[in-house]
Structure formats: structure tokens, C-alpha cells
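Please read this briefing with the sequence and the 3D view side by side. It is meant for someone meeting the model for the first time.

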Amino acid sequence: MSHAAATTDHEHKPYQQHHFESMEQQTQSTLLGIWLFMAQEILFFGGLFTAYTVYRILYPQAWAMGAGTQNVFLGMVNTIVLIGSSLSIVLAVHSARHNDKKGILKWFALTLLLGLVFFGVKAVEYGTKWEHQLVPGLNWDDHHALHTIQEHAPKGVEVTELPKGIQLYYSLYFVMTGMHALHMIIGFGLAIWIMIKAARGRFNAEYYPHVEYFGLYWHFVDIVWIFLFPLLYLV
Amino acid sequence: MNDNNTSPPLNYLTNGHTVKSWLLTVDHKRIGVLYLIAMTCFFLVGATAATLFRLELATHNANVLANDTYNRLFTMHGIIMVFFFLIPAVPGVLGNFLVPLMIGAKDVAFPRLNLASWYIYMLGGLFTLAAIIGGGIDTGWTFYTPYSSVYADSHVILAGTGVFITGFSSILTGLNFIVTIHKMRAPGLTWMRLPLFIWAQYSTAIINVLGTPVLAITLLLVLAERVLGFGIFDPQKGGDPVLYQHMFWFYSHPAVYIMILPGFGVVSEVLACFSRKRIYGYEFVAFSSLAIAAIGFFVWGHHMFTSSQSPYAGLIFSILTYLVGIPTAIKIFNWTATLYKGSVELSAPMLYTLGFIGLFLVGGLTGLFLATKALNVHLHDTYFVVAHFHYVMVGGMMMAWLAGLHFWWPKMFGKLYNEFWARVGAVIIFFGFNFTFFPQFIAGYMGMPRRYHVYDIEYQPFQMLSTAGAFFMGIGLIICLVTLVSSIFTGRPSGKNPWKATGLEWNYASSPPDTHNFTVPVKVDVEAYDYTDERIYQDA
């Protein structure tokens with residue numbers, strides 16, 4: 001090819017893609033790209049938080065009573081599990097920085113494991129809601145829902161009818177936690193892909209962007225949960 | 001640059017002839033051509049729908065289409081034209097092709113992601129086409145709830161999924177452009193030396209990245225409501241359809257700027273070239289793009305003056321909408337000031353551009369009528385609105401798109417089109433457009449509501465004019481299409497810089513460009529549009 005003239009002034013480094021002029025340019029570009037991706041993620045979830053805010057202001061009772069039926073203990077467990085997985089992914093990045101392939105694999109595996117624990121707990125919670133017929137559209141039952149809410153009402157509070165907008169609370173609960181779970185599933189796929197790369201020795205102390213950027217993504221997913229937990233369980 | 005005796009060097013078009021070399025390419029120029037082909041097909045589908053319902057509207061009673069078919073056709077026209085033509089046209093085709101060339105980069109920052117964007121666009125398109133083939137969708141392109149989520153008896157799920165998917169193509173293209181423009185500019189190419197096309201793409205990309213995800217989640221909620229029976233916008237469950245409108249327009253109003261800003265960029269380039277002058281008030285034109293992107297996020301409520309939105313909120317939205325007129329007016333004033341004492345050449349791209357300025361001015365000013373709350377009550381959902389947004393979308397955006405396509409056609413394919421027929425096409429489209437849409441202002445002002453296929457006989461003269469005008473516009477478009485496509489086979493070679501324009505794409509890259517864009521190192525030491533520069537490449 002005839003492009004030798006344009007490329008003689010910099011020798012190609014093994015990790016540098018041809019269309020970048022320098023490794024620094026490549027790193028900075030990728031980092032900016034990841035942050036822009038996060039920005040669009042915030043707007044994506046932002047739509048849900050907007051709907052949440054509007055309806056919580058319209059129907060405070062529904063929110064109080066709906067949150068009352070949540071299992072705060074399980075939610076708490078999941079919060080701790082996810083914070084733990086954030087820690088383990090930080091340790092994976094740390095291992096990458098120190099050229100420790102086994103460390104990367106170990107901490108990624110732990111992250112995945114904690115993710116699976118989260119899903120296990122979530123499955124139990126979803127299952128309970130299904131049993132109590134609290135899934136709008138699919139198996140909602142006014143009578144059963146009222147019964148469940150009465151059971152969970154604080155002492156001295158008598159609930160005689162379903163608060164207005166209660167189905168909106170559960171709809172948003174499922175959409176918000178569902179979207180969060182979808183992001184975790186995508187994260188699982190990415191994690192496995194990065195583990196395969198790591199096992200093949202594609203990373204070293206100078207080059208481990210996938211590990212680092214996955215860390216950012218995973219933290220983002222955790223932070224979403226940190227917002228969801230108080231908003232859906234503790235209000 | 002090369003002797004014609006030796007075999008010509010490989011350019012991006014000749015470097016690989018297999019289908020695979022196109023479908024798996026990561027070359028931003030080839031991806032631009034892929035968008036061009038796909039988008040032209042979508043445009044033809046949307047135009048066919050328009051032809052059919054325009055025929056129906058020629059007379060006041062129903063004699064071509066049943067009312068349900070009519071509903072499905074105008075919905076299809078809207079969805080295809082907005083999401084598969086207007087939004088991705090300039091960024092997808094010209095943006096992909098030109099952004100790296102204009103800033104002196106070898107490619108966009110993420111070439112593989114760029115190809116993925118095209119596939120996402122196509123996947124979304126296939127879902128939408130499936131919805132059309134399966135019988136269509138009758139909600140209007142706005143998918144208003146609860147009609148779309150509960151009552152509509154058409155393919156809302158397929159079409160909604162299509163629009164949802166194609167949104168990610170916009171987001172990823174926007175992300176790619178922002179990073180490319182920030183990080184990959186050639187040495188010496190400071191922000192204030194960037195071509196205004198780049199500023200426009202940058203502003204558009206910001207709206208794409210920050211606005212589109214909101215549409216995505218909104219459509220997802222509509223789908224959850226329709227498929228699973230969740231009730232976010234369902235009044236029966238306490239949901240609020242007006243919340244849907246807020247969330248929809250939070251994206252879909254800025255989407256208007258997604259469509260028009262890249263067109264502004266094209267206009268600045270063409271105008272400077274064919275006036276042989278630097279754009280008057282370059283900095284103002286550059287920052288007005290950013291201002292439009294920023295203010296544009298806070299005007300969405302003007303679509304909802306007649307809904308249950310608070311009148312005080314409406315007042316603020318009305319004022320903010322006037323505000324967005326300021327940076328837009330700055331552009332128009334500066335463009336006309338650029339013409340002043342310029343040596344104006346009425347080439348085909350310039351004809352489209354001058355048409356753009358006039359038509360967009362009408363579209364923009366009537367937008368201010370509609371932003372006036374009291375007037376809006378009278379004009380809401382009438383043909384006045386239809387005429388207004390077609391002056392912006394077609395008179396503005398489509399004219400700019402055709403200007404850009406003609407202007408950079410020699411760069412993309414290395415061939416000159418027939419200038420005479422290109423000008424004939426431009427003139428016919430301009431007059432055809434006005435005959436189509438100007439009568440609709442009057443019909444709308446007299447009170448004719450939009451989206452009706454049987455109407456009062458007093459409006460028939462206006463609708464008749466519209467249909468006749470659309471016929472002329474169609475002829476113009478066919479002339480334009482034939483002129484451009486035939487030039488690939490019969491056109492004279494254009495040479496590197498047929499317009500003697502400034503800009504890296506004209507002065508450093510050959511036509512068509514080399515696979516890696518530049519064969520010599522690129523360095524910039526002048527401002528954009530310095531038409532006094534003696535170094536502008538002149539073809540022998």
C-alpha cells in the first residue's frame with residue numbers, strides 16, 4: 001500500500017489500532033466513549049425515575065403501602081452483595097494493573113458469583129410477588145393484593161381498600177428492577193468475554209482497558225441499585 | 001495528482017469488490033455509502049405512502065383509500081421519514097463520510113461500533129418494514145397512549161420495537177462523533193478552525209446521546225403496557241397519558257434539532273464555497289448550534305398547550321420556544337450577510353441552499369406563531385401545523401440534504417453530475433414544494449384538522465393544489481435521483497477539488513478518497529473558509 005509516507009513517523013505499538021496516532025489518543029478516546037455511554041445510560045434510567053417521581057407525588061399512599069410489602073431484609077442482603085461485587089471488580093482491576101492474570105480471573109469469578117447470588121435473591125422476591133398476585137397485567141388480583149397489603153401494614157393502621165395507583169407502584173417496581181437486571185445480564189456476558197480474553201493472556205500491566213471499563217460499567221449498575229433500593233423498599 | 005497513463009491508485013470504492021468487503025467494512029466512507037443506499041430505499045417507501053394518501057386527499061370524499069388504510073399510510077409515512085430518513089440522513093451518510101475527512105483523521109474513533117450502528121439501524125428498519133408488510137400501524141408516528149398501548153388494533157409492537165432499536169444506532173453514532181471530534185483532530189485544527197459542518201454534527205451528537213435514551217425507555221414502557229399489561233400510562237390504573245406526552249416530546253422535540261442542525265452545517269459549507277467568502281460571524285454560527293442543542297431540550301411542552309399541562313408551565317415553554325428562535329435567527333442573518341458582496345455562483349447545491357434559507361425561514365417563523373399559546377389553541381392539530389413542520393423538515397432539512405449530497409457527490413464518487421439537470425431538479429423541487437405545502441397554511445388557518453381523509457368541500461381547492469404540487473415535487477426528485485445515479489456511470493471525473501473549496505476533504509484527499517483518507521500528513525494553519533488562501537487546490 002502507498003500509505004507508508006503517512007505512517008513512518010510513528011512506529012506501531014502492538015495494542016494501538018491503526019487509525020489512532022498514538023496510544024494516548026486511543027486511551028483517551030475510549031475513556032471519553034465510555035463516559036458518554038454512561039451519560040446515555042443515566043438518561044435511559046432517568047425516564048424511569050421521572051415516571052417514579054411523578055406517580056409517587058400523585059399517589060404517596062400507594063407508594064408507602066407498596067413499599068411496605070417489600071422484604072427489606074432481602075433487599076438489604078442484595079445491596080450488600082452488590083457492593084461486595086463492586087469491591088471484587090476493583091480488585092480485578094488492581095490485579096490487572098499488577099499483571100496478575102490469575103487475580104483477574106479469580107476476582108471476575110467472584111463478581112459473577114455475587115451477581116448470581118443477587119439473581120437468586122431477586123428470583124425469590126419476584127416469586128413471592130407472583131404468589132401474592134402482585135404482578136400488574138399478568139396475574140394481578142385486587143382481593144389478594146389488598147390482603148397482602150393489610151398483612152404488611154404497620155400496627156394500628158387499618159387498610160380497608162387498595163390505595164389508588166397501587167398497580168403503578170408495582171409496574172414501576174418490575175420495570176425498574178427488570179431494567180437493572182437486564183443490565184446485569186449484559187454485564188455477565190461482557191465479564192465472560194473478558195475472562196476468556198484474560199485467560200488467553202491478552203492483558204498486561206500496560207494494557208487492560210476492557211477490565212477497567214467493565215469495572216466502570218459494573219459500578220454504574222451497582223449505583224443504579226443503590227438508588228433503587230431506598231426508593232422502592234424504604235420509602 | 002497522478003498521471004492518467006498509470007493505472008489509478010486504489011481508492012475506497014475500488015479497494016475490494018466483494019459483497020463481504022462492503023458488509024464487513026469498517027471504513028467510515030463505505031459505511032456512509034451503505035447508509036446512503038439504505039436510506040434512499042426507506043425514503044422511497046415513505047414517499048410512496050405520501051403519494052397514495054395525497055391522491056386520496058385530492059377530493060373531499062373517500063375514493064381511493066378506506067379510512068383505516070389512510071390512517072396506516074400517514075403513520076407509516078411519518079415513522080419512516082422521521083426515524084429512518086430525516087434523523088439519520090445527514091449524520092449517517094454525510095457525517096460518516098465527512099467527519100473524519102474534515103478533521104484530518106483516518107477514521108472515526110470506533111470504526112467497528114460505527115458498522116454496528118448501521119446494522120442496528122437496519123435491524124430497526126426490518127422490524128418497521130415487517131410491521132408495514134404485516135398490515136401497518138395506525139397510531140400516528142407519535143404513538144400516543146392509551147390508544148397505542150391499549151386500543152390500537154395494528155402492529156404497534158413491531159413498529160415500536162423497530163423505532164426503539166434504531167434509536168441505539170443514533171446514540172452510538174452520536175457517541176462516535178463526539179469522541180472523534182474531541183480527540184482526533186489534525187494538528188493545528190483548533191475548535192475555532194473547525195468547519196461549521198463539524199460544529200453542527202457535534203451539537204447534533206450531543207442531543208442524540210442525551211435525548212434518544214429517553215425515547216427508548218418511553219417506548220419500552222408503552223411496549224410493557226401493551227405486551228404485559230403493566231400500567232404506566234393507563235388511566236384505568238391511575239396512569240397519566242400526559243406523562244407519556246412529556247416523555248415522548250422530551251426526545252421528539254430535540255429530535256427536530258437532530259434533523260435540522262446537520263442541515264445547518266451543510267448550508268454553511270455550501271454557502272461559503274459558492275459565495276467565495278468566509279461565513280459572516282463564524283463564532284456566532286458555531287455557538288448558535290450549541291445554543292440550539294441546549295435550549296432545544298427545554299421547549300418540549302409547546303406540543304402540549306391543549307393537553308392538561310398547567311397553563312403556567314405552558315407559559316414558560318412558550319417563552320423558551322421564542323428563545324430558541326434567537327440562535328436560529330442568528331444563523332439566518334449570518335448566512336444572508338455572507339452572501340452580501342460575495343461572488344455568488346448559482347450552482348445546483350447553491351440553489352438548494354438558497355431554497356433552504358427561504359423555506360426554513362417560513363418554517364421557523366410559523367413555528368413562532370405556534371409557540372404563541374393563544375394562537376396555538378386555534379391552530380393546534382390543523383394543517384397549519386402540518387405545513388409548518390414540512391417547511392422545516394422538507395423545505396429545510398431535505399433541501400439541505402440534497403444540497404449536501406450534490407456538493408459532496410464528486411468527493412464520494414469521483415464523478416461530476418450533469419449540472420443542467422441538477423439545477424432543473426432543484427428548481428422543480430422548490431416550486432413543487434411550495435405548491436404542496438403553502439396551501440396547507442391557509443387550509444389550516446381556516447380550520448381544517450390534520451389526519452382526516454374525508455373533509456369539508458370548502459377545503460378541496462387547497463388539497464387539490466397540494467396534490468398537484470406533490471406530483472411536481474415527485475418529478476423533481478426523480479430528475480435529481482436519475483441525474484445523480486447516472487453520473488456514476490457517465491459523469492466526467494471530478495478531480496480532487498471541483499468547486500475549488502476550502503477544507504481538508506477537498507484539498508488533502510483525492511476524489512474518491514484513498515481507503516485511509518490521506519496519503520500525506522495533514523496539518524492546519526488557517527481558519528475555516530479562508531477563500532483568499534492561495535493554496536486552495538486547483539484542478540488542472
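Predicted model: local features only at pLDDT ≥ 70, side-chain atom pairs only at ≥ 80, totals over all residues.

Residues are numbered from 1 along each chain as its sequence is written, chains are lettered from A and ligands numbered from 1 in the order in which they are written, and side-chain values use heavy atoms, with hydrogens and water left out.

**Packing of H2 and H4 in chain B**

- Helices (DSSP runs of H or I with at least four residues, numbered from the N terminus) H2 (residues 28–57) and H4 (residues 111–133) of chain B have axes that come within 10 Å and cross at roughly 10°, the axes being lines fitted to C-alpha atoms over the stretch in contact, with angles from 0 to 180 degrees between N-to-C directions.
- H2(B) and H4(B) are therefore roughly parallel to each other, a label given to angles under 35 degrees.
- Among the residues making this contact (heavy atoms within 4.5 Å) are B:Ile31, B:Tyr35 and B:Phe42 of H2(B), together with B:Trp118, B:Tyr121 and B:Leu129 of H4(B).
- The residues of this contact comprise 12 nonpolar, 4 polar and no charged, where Ala, Val, Leu, Ile, Met, Phe, Trp, Tyr, Cys and Pro count as nonpolar, Asp, Glu, Lys and Arg as charged, and the others, Gly among them, as polar.

**Helix H7 of chain B**

- H7 (residues 196–227) has 32 residues, which at 1.5 Å a residue should span 46 Å, and the 45 Å between its end C-alpha atoms agrees with this; the expected span is 1.5 Å times one less than the number of residues.
- Of the 32 residues of H7(B), 28 are buried, meaning under 20% relative accessible area, with exposed over 50% and partly exposed in between (1.4 Å probe, protein chains only).
- After H7(B) comes B:Gly229, with a positive phi near 85°.

**Local backbone features in chain B**

- A cis peptide bond with omega about -5° joins B:Thr145 and B:Pro146, and B:Pro146 is found in the loop between H4 and helix H5 (147–151).
- The peptide bond from B:Ser511 to B:Pro512 is also cis, with omega near -10°.
- B:Lys341 is not a glycine, yet has a positive phi of about 60°, and at 70% relative accessibility it counts as exposed.
- B:Lys500, although not a glycine, has a positive phi of about 50°, and its relative accessible area of 33% makes B:Lys500 partly exposed.

Terms used
Helix = DSSP H or I, 4+ residues; strand = E, 2+ residues; numbered from the N terminus. Parallel < 35°, antiparallel > 145°, perpendicular 65-115°, else oblique.
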